[in-house]
Amino acid sequence: MIGRLLWNDIRHHKLMSFTTILFMAASAMLISLAAVLFTGLLGSVDHLMTKAQSPDYLQMHTGAVELEKIEDFAADQPEIEQWQVMPFLNLENNVLELGEKSLSDSTQDNGLCVQGEKFDYLLGLDDELPVVKTGEVYVPICYRSQYDLCVGDQMQIGSHTLTIAGFIRDSQMNSMLASSKRFLVDQLDYERLKTQGEEEYLIEFLLHEGTDTDAFAAKYGEAQLYANGPAITKPLIKMMNALSDGIMILVILLVAIVVLLISLLCIRFIVAIGMEQDKKEVGMLKAVGIGNESIVQLYFSKYLLLSGCGAVIGMIGAIILEAPLSGKLKEMYGTSSNALFSSIVSIFSCLLVEGMILFFIRHRLKKIERMTALEALLSAKTQGEKAEAGKFLCAW
């Protein structure tokens, strides 16, 4: 019986029902999309940093380095699990070409490096360590689309030519917010090309779990070791990775909030119009002894049904849009390690939005409880007389 009443009411108010579903679906879709993209981004960044074993503390230094001093410092710090010094050959951008496109207009500090011996690995697109041969180079993945590169293209460094054998993900310099980009070559090519640039060093430390990186940074500073360059901690690396591609997600979230507010405003008017049109029916239900709670529940059931339809449509829309929008994130950081969690968060976000809308509607329907049967019938009669008068005047 209730189902028939709901269906007849929806058929009688097709436009209002469709508009309500549309607003509910749009709000749910955008909020769910932002949630699944954000959790997916964090999962991908965590997966990349774990797989690459990102350093907990990194000190860049320009100038000579004596490994014995760093070794003595590391021996006195029990929180250090491993340490290494990675050379980085900083190149002038005006001598670099990728696929016949010059990097002279690049704002990045581009340079060559070899694979890390103990940690801070540069990973291929299959999450494995690439095997670099002499004469080959692996290019940061962010440059693939920017310079329209393919495997087999050439990289020119002054008068030297290297063949692009693949692309790499760099857990600490992957983000465009990072000021440097590393190209992976083998040891022989690195030594051969040393004259093309200025050598810097990345002094890296992998700390035991639970170590306070800020306290360790203070100890490193007190030791007055090599510090001719910026120092970076693991939380900062993670934040740069998340912020670089999280701006798009933030924009989607802001749009979703605006759409939700607009939806609440429009649904408020839709509910008000529906209640005005149904005053006669409400008065008749009250007149035959049906309680206020039952009447409110009957109307709320209709919006609950519409909300369910909106939630399903919104989730389907979020799934359709997620694939193209997350394509760049997956290219830059790989697949997420918490796909199931992302799905759960997306569903929860959708239900939360629909719950907010239904709570708002339930609050608006309380107006029925304050309305007496006589007021509802008289108001409906007055509206009917006004409508007849309007028709008469129009005909006249």
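Colleague: Which residue just after H2 takes a positive phi?

Modeller: Gln53 does, with a phi of about 55°. Bear in mind that this is a predicted model.

Colleague: Why is Gln53 called partly exposed?

Modeller: Its relative accessibility is 32%. Buried means under 20% and exposed means over 50%, so Gln53, at 32%, counts as partly exposed.

Colleague: Which other residue has a positive phi near 55°?

Modeller: Gln224 has one, and Gln224 too is a residue other than glycine. Gln224 lies in the loop between helix H6 (213-222) and strand E12 (231-233).

Colleague: How do you know that the span of helix H2 agrees with its number of residues?

Modeller: H2 covers residues 14-52, which is 39 residues. At 1.5 Å a residue they should span 57 Å, and the end C-alpha atoms are 56 Å apart, so the two agree.

Colleague: What does the same check give for helix H11?

Modeller: H11 runs over residues 339-364, and its 26 residues should span 38 Å at 1.5 Å a residue. The end C-alpha atoms of H11 are 38 Å apart, so this agrees.

Colleague: Which residues of H11 are buried?

Modeller: Among them are Ser342, Val345, Ser346, Ser349, Cys350 and Val353. Glu354 and Arg362 are also on the list of buried residues in H11.

Colleague: Why does Gly246 count as buried?

Modeller: Gly246 has 15% relative accessibility. Buried means under 20%, so Gly246 counts as buried. The residue is in helix H7. Gly246 and Leu41 are 205 residues apart in sequence, yet 7.6 Å apart in space, C-alpha to C-alpha.

Colleague: Where is Ile257, and why is it called partly exposed?

Modeller: Ile257 is in helix H7 (residues 234-277). Its relative accessible area is 40%; exposed would need over 50% and buried under 20%, so Ile257 is partly exposed.

Colleague: Which residues form a nonpolar patch on the surface with Ile257?

Modeller: Leu250, Leu253, Leu254 and Leu261 form the patch with Ile257, with about 450 Å² of accessible area together. Patch residues need over 30% relative accessible area, and Ile257 has 40%.

Colleague: How do you know that empty space is left inside a model?

Modeller: Rolling a probe the size of a water molecule over the atoms shows where empty space is left.

Colleague: How many cavities of 30 Å³ or more does a search of the whole structure find?

Modeller: The search finds one. The largest cavity holds about 40 Å³ of space. Its lining is made of Met16, Ser17, Thr20, Ile270, Lys302, Tyr303 and Leu306. H2 and H9 are the elements that give two or more residues to this lining.

Colleague: How much space lies in the second largest pocket?

Modeller: About 330 Å³. This pocket is lined by 18 residues, and the closest to its centre are Val36, Glu322, Ala339, Ser342 and Ser343. Two or more lining residues come from each of H2, helix H9 (292-325), helix H10 (327-333) and H11.

Colleague: Which element gives the most to the lining of the second largest pocket?

Modeller: H2 does, with five residues.

Definitions and conventions. Residues numbered from 1 in each chain as written. Predicted model: local features only at pLDDT ≥ 70, side-chain atom pairs only at ≥ 80, totals over all residues. Heavy atoms only, no water. Helix = DSSP H or I, 4+ residues; strand = E, 2+ residues; numbered from the N terminus. Expected span 1.5 Å × (residues − 1). Buried < 20%, exposed > 50% of the residue type's maximum accessible area, 1.4 Å probe, protein only. Patch = residues over 30% accessible without salt bridge, like charges linked within 9 Å, V, L, I, M, F, W, Y side chains within 5 Å. Areas by Shrake-Rupley, 256 points an atom, 1.4 Å probe, with all protein chains shown as cover. Salt bridge = Lys/Arg side-chain N within 4 Å of Asp/Glu carboxyl O. 1 Å grid on protein atoms, 1.4 Å probe; cavity = no way out; pocket = protein on both sides within 12 Å on 5 of 7 lines; lining within 4 Å. Points joined across faces, edges and corners; volume = space filled by probe spheres on them.
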